[in-house]
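Hi,

Here is the structure I promised to pass on. Have a look at it first, and then read my notes below.

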Amino acid sequence: MAVQTFVQTVARTLMQEMRRDDRVVVLGQDVGKRGGVFLATEGLFDAFGPDRVIDTPLSEAAIIGAAIGMAVHGLRPVAEVQFSDYVFPGFDQLVSQAAKLRYRSGGSFHAPMVVRMPAGGGVKGGHHHSQNPETHFVHTPGLQVVYPSTPRDAQGTLRTAMRGEDPVVFLEPKRLYRAVKEEVSDDPDATLPVGKGVLRREGDDVVLISYGASMAETVQAAAALAQQGIEADVIDLRWLLPWDEELVLERVARVGRVVLVSEAPRTANLVSEVAATIAEEILDMLEAPPVRVTGFDTPYPYAQDRAYLPGVNRILYAVQQVLEY
Amino acid sequence: MSTARTIPPAPNGAAAGETPPPDALLAMYTTMLTMRRFDERVRDLSAAKAIPGYAHTYFGSEAIAAGVMAALRPDDWIASTYRCHGHAIAKGVALEAMAGELYGRTTGTAKGKGGSMHVSDFDVGMLGAFGIVAAGIPIALGAALTAMRKGTGQVAVAFFGDGAVHQGVFHEGAGLAMLWNAPVVLLCENNQYAEATAIEYHLNTSTIADMACAYAMPAERADGMDVVSAYAAARRAVERARTGGGPTLLELVSYRFSGQYEGDAQGYQPPEEIARWRERDPITTFERLAPERGISTEALARVADEVDRAVDAAFAAAERAPFPEPDDLFDDVYVSYP
Ligand SMILES: Cc1ncc(C[n+]2csc(CCOP(=O)(O)OP(=O)(O)O)c2C)c(N)n1
Ligand SMILES: [Mg+2]
């Protein structure tokens with residue numbers, strides 16, 4: 001079993017998939033010789049050369065647009081956007097073109113492609129290097145959106161995304177890139193199903209739901225609660241579009257209390273959608289209103305970035321609210 | 001084969017008669033040395049983790065900001081990039097407020113909300129630093145159009161790097177600037193790298209100035225490592241803009257001595273190449289040429305002393321400045337919000 005960090009697993013999975021399928025190409029700024037700004041494509045250039053690992057100039061719209069063209073015509077591109085904050089110059093290509101291609105062609109063509117992008121705060125990057133853009137993408141039917149939190153999940157979801165037939169936005173929590181190492185599968189076919197979340201911990205007192213970078217604090221909060229004798233169910237959504245409604249409703253109906261955690265701004269946050277679905281579907285099973293712990297409706301601040309992120313204390317406070325309701 | 005990297009050695013780059021008088025030159029030297037000392041401090045504080053986040057230093061391009069800003073009026077506008085320290089210093093942003101911003105303190109230019117990549121100060125015409133490559137170009141264009149409309153005679157300068165010419169907004173901005181004859185200078189700092197990508201790899205035209213052909217825009221390419229050359233070229237572009245002649249694409253060629261950001265190991269820049277360009281260091285070049293430009297060694301030493309004291313004082317003040325309160329993060333999102 002290989003023991004790897006998140007970012008190492010991304011590189012290894014790309015390597016394995018490129019070996020398996022010669023239609024896979026990787027493109028983006030400095031993804032080739034440099035191996036990517038975060039080294040997520042390290043080793044690929046030496047293994048596959050410049051025809052399949054393509055260093056592009058600084059042109060996000062053309063990177064994503066070219067990936068669409070490649071995908072439609074038989075390649076399987078994986079584009080890298082160096083930070084998710086830089087996707088916006090390429091937003092039209094992703095949101096108005098890639099997402100709608102199948103629909104607007106009446107199902108006659110489609111774009112099997114992945115756009116990878118490190119996202120999220122906690123690295124003191126300020127407002128152009130810390131954003132969580134998932135809301136824009138989950139609001140775009142036609143895209144699939146993944147935001148895994150662990151090396152193992154990165155491995156399985158990335159492979160599923162690359163083998164799928166639809167355009168996938170693959171968000172990577174950059175502050176967790178090297179935070180933990182864990183065993184990842186050596187099976188070159190290890191995949192994870194589309195749209196399935198995972199239970200990280202089981203408990204009867206409260207359900208904590210999160211995804212991506214905020215999973216770190218959510219899991220820590222659950223451990224702190226356990227010390228006080230409060231047992232939390234912890235759900236990692238992993239896939240945000242589609243998200244695992246079945247798992248969420250089943251666990252929340254069982255426990256009756258839920259706290260939802262996400263570091264993106266609060267308004268129209270994906271967890272607001274999850275909370276609304278819970279309210280619509282199983283209101284009568286709830287012991288307390290769902291509580292969201294999110295980033296704030298402000299641009300991402302530099303000095304106060306720790307205050308902005310939903311930290312363990314804010315999660316614990318929310319849990320107290322739903323328990324004492 | 002691109003000729004982009006073989007610029008003619010032009011230590012005295014300015015055309016005859018364009019060398020400014022000694023006191024003006026000494027002011028440019030002061031500006032350059034301030035940038036250098038400021039960024040040396042940033043480099044050390046970044047390495048020591050005293051300044052968090054990503055810091056982009058300006059080593060090697062000091063002559064550009066010093067020369068360009070010397071060609072501007074105080075009320076002219078500039079738009080900068082994430083590599084903004086040099087531009088901000090040259091435009092007159094207070095060192096203490098810059099250091100405060102890097103430290104994330106209330107005394108910073110954005111009260112600590114922006115950090116190293118987001119220094120701005122409208123009082124001195126610094127429209128801001130943009131973390132998104134090329135984002136400042138159309139914004140500078142807008143400032144220029146406003147000046148045109150109001151008849152103020154102001155000029156706007158959009159700074160961007162060699163890598164930025166591959167962004168759509170560069171081309172959109174250039175097209176509209178020409179269409180409307182805007183008093184804007186598109187100022188490309190060609191430091192020959194866009195992150196790890198060398199200019200030979202990413203540029204199709206031989207020079208960035210060549211790209212102006214597509215817009216029928218006047219263009220010039222000049223040595224960006226000699227402050228007199230940078231100043232003279234900027235003056236031509238700025239005067240053209242100010243007198244109704246419209247935009248110019250001005251490419252000033254320099255070299256990025258440091259990595260892309262502090263902490264970048266820079267392995268993709270051949271050491272011989274760095275060494276070769278270091279011989280043309282804008283500051284030592286200036287010092288070498290100072291006597292023949294009528295500037296004494298004593299004058300240079302006096303400047304060095306002043307600069308050291310100013311930079312020391314700025315960082316000392318920033319270190320003592322208060323941190324913002326967590327709740328301050330809610331301020332300044334909107335002007336008004338019901
Ligand atoms: C739209 C966008 N894409 C990518 C980046 C990441 N990035 C930051 S600086 C840089 C290189 C820019 O090179 P250049 O324009 O030559 O400026 P320099 O850093 O050399 O001053 C890149 C790719 C970004 N900030 N914005
Ligand atoms: Mg450059």
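On secondary structure, chain B of this predicted model has 11 helices and 7 strands.

The inside of chain B goes with that. Buried residues account for 57% of the 338 in the chain. As for contacts between residues at least 6 apart in sequence, 76% of them link residues at least 24 apart.

Now over to chain A, where I looked at the domains. The assignment gives domain 1 as 2-184 and domain 2 as 198-324, and their C-alpha centres are 26 Å apart. Where the two meet, 27 residues of domain 1 of chain A are in contact with 22 residues of domain 2 of chain A.

Which elements build the domain 1 side of that contact? Those giving two or more residues are helix H6 (134-138), strand S6 (144-146), helix H7 (151-163) and strand S7 (168-173) of chain A. H6(A) supplies the largest share, with 4 residues. By residue type, this side of domain 1 of chain A splits into 11 nonpolar, 12 polar and 4 charged.

That's it from me for now.

Cheers

Key
Residues numbered from 1 in each chain as written. Chains lettered and ligands numbered in written order. Predicted model: local features only at pLDDT ≥ 70, side-chain atom pairs only at ≥ 80, totals over all residues. Buried ≥ 20, exposed ≤ 12 C-beta atoms within 10 Å, placed from the backbone. Contact = placed C-beta atoms within 7 Å. Domains from an automatic or database assignment. Nonpolar A, V, L, I, M, F, W, Y, C, P; charged D, E, K, R; others polar.
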